[in-house]
Amino acid sequence: MENSDNHQEMTVPPVEGVAGGGTAYGWSDSGLPDPSRLKGAIDPTKVPSSDLVHVWCMPSTANVGPQDMPRSLEPISLLAARNERESIQIALRPKVSWSGSSVAGTVQVLCTDLCSPSGDRLIVGQSLSVRRVVPVLGVPDALAPLDMPTCLLNLFPGETTVIWLSVDVPNAQPPGQYEGELIITATRAEAESAATCLGKAEKDEICRELRNCLEAVEPIDGKPVDELVIRAKSAASSLRRVLLSPAFSDCFSDSGPLDMMDEDAISNLSIRLKISLTVWDFVLPETPSVPAVIGVSDTVIEDRFGVEHGSSEWYEALDLHFKWLLQYKISPYFCRWGDGMRVLTYTCPWPADHPKSDEYFSDPRLAAYAVPYGPVVSCGDTRKDYLQREVEILRTKSHWRKAYFYLWDEPLNVEHYDNIRNMAREIHAYAPDARILTTYYCGPSDAPLASNNFEAFLKVPEFLRPHTQIYCTSEWVIGNREDLAKDIISEIQPESGEEWWTYVCMGPSDPHPNWHLGMRGTQHRAVMWRVWKEGGTGFLYWGANCYERATFPSAEIRFRRGLPPGDGVLFYPGQVFSSSQQPVASLRLERLLSGLQDIEYLRHYASRYGREEGLALLEKTGMYLGPERYTLEHTPIDVMRGEIFRTCHS
């Protein structure tokens, strides 16, 4: 939550399955230099913060949960190229309680700019961001925003709290060594502050939460019982957050007023975590080398945010999501599902003759864009007239090379394949160079193409040619046999403009790389390692916001029944976690970004020494050998990146 004192209350967001609060299980005061001196009431302004709080660092691939135990504290040392985001996690766990309320205590977190000896800076709030890791279904996943450069965090007894620090290095940032600090200071609990003087931000926050309650319960006439139950639970969650907010915290504490520490106290008592970043003279390409196209359901946006299809608010909501997702080096497309797995996909909701169209498609961060087969918003034109006009306009643009049509998802029989052929034939009549993308994991069930299923799967390109140019296959089909990827590629005709892309969804399952909730961090990141090693030229993911239907922004998040937890969800609505309208990223989305950045490192290395040497580097470091043989630890990733820096920097 946000308020005038930059306090971040560790309340429970309305996410299905999230457990609330910590427990005292395993709680002890062991490990303190002199426990006797901390008996009775503790004044954090007179005790070193290191006596009160465990602090340690973990890599971005670690899943650090509330019950994770402390490790030794070491300085943060990072390596990043220009136009790269690099992240690290900082874990905090109270050693004792110094608060008079239900929390163990409050800490102030201050992040400084990163500065080089020549005076160049990476500025907090611009290049540096800090977010709080929130468990979903008991697994660390959501990254809720924190105020910068200073915020207050409540720590709970026997519970580890994690913050996620990201550094975004601009394209033009001078290379060199940058240093800064993360300063963590135990303070008197904000519950001790005078609650009689509410700031505007606090009042706005309370009003927002109470308004959420009204949205949840009004109107209720004619609503089905199951929806009423969901709305009641959401209203209860909102009311709980209000009661646990700082404005009411004095109701649960009889302590005195908060006396914020002065500079000297911070200097003498704080835990000072050194941050060192090496920016090397390599710029990650602005346009990703491997297009990663990710679906965003427009109907989910319409339902949750209460915007009517085609309204000005609808365009604003889609525009917000599109621009926010570009920072993750992915190429979003919006989608609406039809009968028989027919899908209407489009990257820009405006027609091709609208100025926004060029703004979207010319953005260098966008590697590929979907062109709709018919009108996205009713415009009075027939579908054929609309399609012809769109194609004729877009073909005159330099960005047309990014365009593709995604018409049908996973065809299963001859009728489905015939529908793809007919639609593609119509598109190619207007644009012979148009690219049609088809996702599939099998051949048509009612027209055997070969003696066994895999051979039939291999014959799909021959069956669809020339009506598809991008053959997008499920990684589930390959399983753990990478030799099958070579068989697939052998059926593709790149000399005719054909490409091989891959996708994951419900499958493959553990231990293969995927983005399901609860998988290892390296398993999430390895999705893109697999793409590069197998030789794919693109990647597709079916949905990033496909949670269960809800009818107001702060409603409880529920994953869809029948799908592995997290499947189809890579970000969350911001209103669930704060007053911000910006979406909230998952750890899995951040690891997707890291995997795409790893591809750029490997491509850079291969451009100098050859692809075979790049593959040898993956094997030599132990980072990725195959879908069941990849590192479970972060160290090989740093070794790979460090080796590329060392060999390419010299």
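In this predicted model, Phe334 and Tyr346 are both buried. A search of the whole structure finds 24 aromatic pairs. A pair of aromatic rings is described by the distance of the centres and the angle of the planes. For Phe334 and Tyr346, the ring centres lie 5.7 Å apart and the planes stand at 35°, so this pair is classed as tilted; planes under 30 degrees apart would count as stacked and those over 60 as edge-to-face. The pair links distant parts of the chain, twelve residues apart: Phe334 belongs to strand β15 (residues 331-337), whereas Tyr346 belongs to strand β16 (residues 343-346).

Aromatic residues also gather in a group. Trp314, Tyr315, Phe322, Trp350 and Tyr360 together form one aromatic cluster.

The charged end of Arg85 sits over the ring of Tyr328, at 5.1 Å from the ring centre. The ring of Phe463 has the charged end of Arg421 over it, 4.3 Å from its centre.

The helix contact involves α14 (residues 587-609) and α16 (residues 635-649), whose axes come within 10 Å and cross at roughly 40°. The crossing of α14 past α16 is left-handed. On the α14 side, the contact is made by Asp598, Tyr601, Leu602, His604, Tyr605, Arg608 and Tyr609; Met640, Arg641, Ile644, Thr647 and Cys648 make it on the α16 side. Sorted by class, the residues in this contact of α14 with α16 are seven nonpolar, two polar and three charged.

Methods. Residues numbered from 1 in each chain as written. Predicted model: local features only at pLDDT ≥ 70, side-chain atom pairs only at ≥ 80, totals over all residues. Heavy atoms only, no water. Phe/Tyr/Trp six-rings, centres within 6.5 Å; stacked < 30°, edge-to-face > 60°. Helix = DSSP H or I, 4+ residues; strand = E, 2+ residues; numbered from the N terminus. Buried < 20%, exposed > 50% of the residue type's maximum accessible area, 1.4 Å probe, protein only. Lys NZ or Arg CZ within 6 Å of the ring centre and 35° of its normal. Axes fitted to C-alpha atoms, helices over the stretch in contact; angles between N-to-C directions. Left-handed = near helix turned anticlockwise from the far one by under 90°. Contact = heavy atoms within 4.5 Å. Nonpolar A, V, L, I, M, F, W, Y, C, P; charged D, E, K, R; others polar.
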